[in-house]
Amino acid sequence: MISIPHKAKQFLTFLIKLLIVGGAFYFIWNQLANNDKLDWKQFLELLNRKKSFWGILFLLSFSFFNRFFEILKWKNLVQIIEKISLSQATEQVLSALTASIFTPNGIGEYGAKALYFEKREAKKVVFLNLICNGIQMILTIIFGTIGLWILGFGSWVLAIFAISCFLFFASFLFKKITIKGYSINRLLEKINEIPKQIHQKNIFLAVCRYLIFSHQYYFLFLAFDVDLPYVTLMATITSVYFLASSLPTFQFLDFAVKGSIAVYFFGILGVNEWIVVFISTLMWFLNVVLPVIIGSFYVFNFKSKWKS
């Protein structure tokens, strides 16, 4: 095995950190600067008419609590490996978000979090992160399916139900089949090994987080003078989140994917396209860009526990 000098390792580590942060900021800038659907002049005029310190603070509080509950979820789950402080959980979640911004479906988050623990715990960390994200996805499917039903997309709901039933029975039939030591049966055993109170807290925090970011979307529409009944607006929001989450994408393209789906659904309701695009962009900026900026600080100060 080739031995790499300590100074070379330090330089290589710094270069990787620089590439992660630089890449994240480049992708963010590129999407904001080159999106021809964003009429910044129109947006700034509207913002100038409606600017309010308390209104901005109110919307920012949703972004804070969105990530805060995600941090609490991670802190709750990872205690199975070791108990970490709130500040440690914050560092791990935000730095992982920064590292995953240009990976498909945020998959880089799994590896980034694993680097904060001993190498032997890597599989456990990945598994816990899967549980952390999995419950959020399940809630997105449940609320999204209800939203589609309310909006009158009954055939879509029936298709989702049929696919869910097929996957359930398929997993039941093949749960004992092992591939490279892994099976559905083994996965269920691992899930059941986690104490019930940790699962319950994870579900509670996930529900809180879902309600927070979906209602942030709701209040942004109100701020842009979209006058629709609460149930209709929330049903559309949950449907958009569900369908957008079902598509493979990158974090830095998240607002583009959600925006295109939102344009279709809100277009049916008569909402102007530019308003939908701007709200989707704002949601992305408030809930991805701002945390990535903070996470960049943690990436530069990161020290892995893995030993070469």
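**Entry 1: Val271**

I started at Val271. Leaving out residues up to four places away in sequence, I found that Val271 touches Phe221, Val226, Leu228, Phe266 and Val276. I note here that the model is predicted.

**Entry 2: the cores**

I then looked up where Val271 belongs. The largest nonpolar core has 32 residues, and Val271 is among those with the most contacts inside it. Tyr217, Phe221, Ile237, Phe266 and Ile279 are listed with Val271. Two of these, Phe221 and Phe266, also touch Val271 directly.

Which elements give two or more residues to this core? I got α7 (154-173), α9 (196-223), α10, α11 (254-268) and α12 (273-300). Helix α10 gives the most, with 8 residues.

I also found a second, separate core. That one has 20 residues, including Val78, Phe127, Leu128 and Ile131.

**Entry 3: the nonpolar patch**

I found a nonpolar patch of about 540 Å². Ile138, Ile142, Ile146, Ile150, Tyr230 and Val231 make this patch. Two elements give two or more residues to the patch: α6 (122-150) and α10 (230-245). The largest share, 4 residues, comes from α6.

Val231 sits in helix α10. Its relative accessibility is 48%, so I logged Val231 as partly exposed. The cut-off for exposed is over 50%.

**Entry 4: cysteines**

How many disulfides does a search of the whole structure find? The search finds 0. Cys132 has 0% relative accessibility, so it counts as buried. Cys208 is at 18% and also counts as buried, because the cut-off is under 20%.

**Entry 5: the whole chain**

Last, I stepped back to the chain. I counted 12 helices and 0 strands. From the N terminus on, the elements run α-α-α-α-α-α-α-α-α-α-α-α.

The chain has 308 residues, and 44% of them count as buried. The accessible surface comes to about 17,500 Å². Carbon and sulfur atoms hold 69% of that surface.

How values were computed
Residues numbered from 1 in each chain as written. Predicted model: local features only at pLDDT ≥ 70, side-chain atom pairs only at ≥ 80, totals over all residues. Heavy atoms only, no water. Patch = residues over 30% accessible without salt bridge, like charges linked within 9 Å, V, L, I, M, F, W, Y side chains within 5 Å. Areas by Shrake-Rupley, 256 points an atom, 1.4 Å probe, with all protein chains shown as cover. Salt bridge = Lys/Arg side-chain N within 4 Å of Asp/Glu carboxyl O. Buried < 20%, exposed > 50% of the residue type's maximum accessible area, 1.4 Å probe, protein only. Core = buried A, V, L, I, M, F, W, Y, C linked by side-chain atoms within 4.5 Å. Contact = heavy atoms within 4.5 Å. Disulfide = S-S within 2.5 Å.
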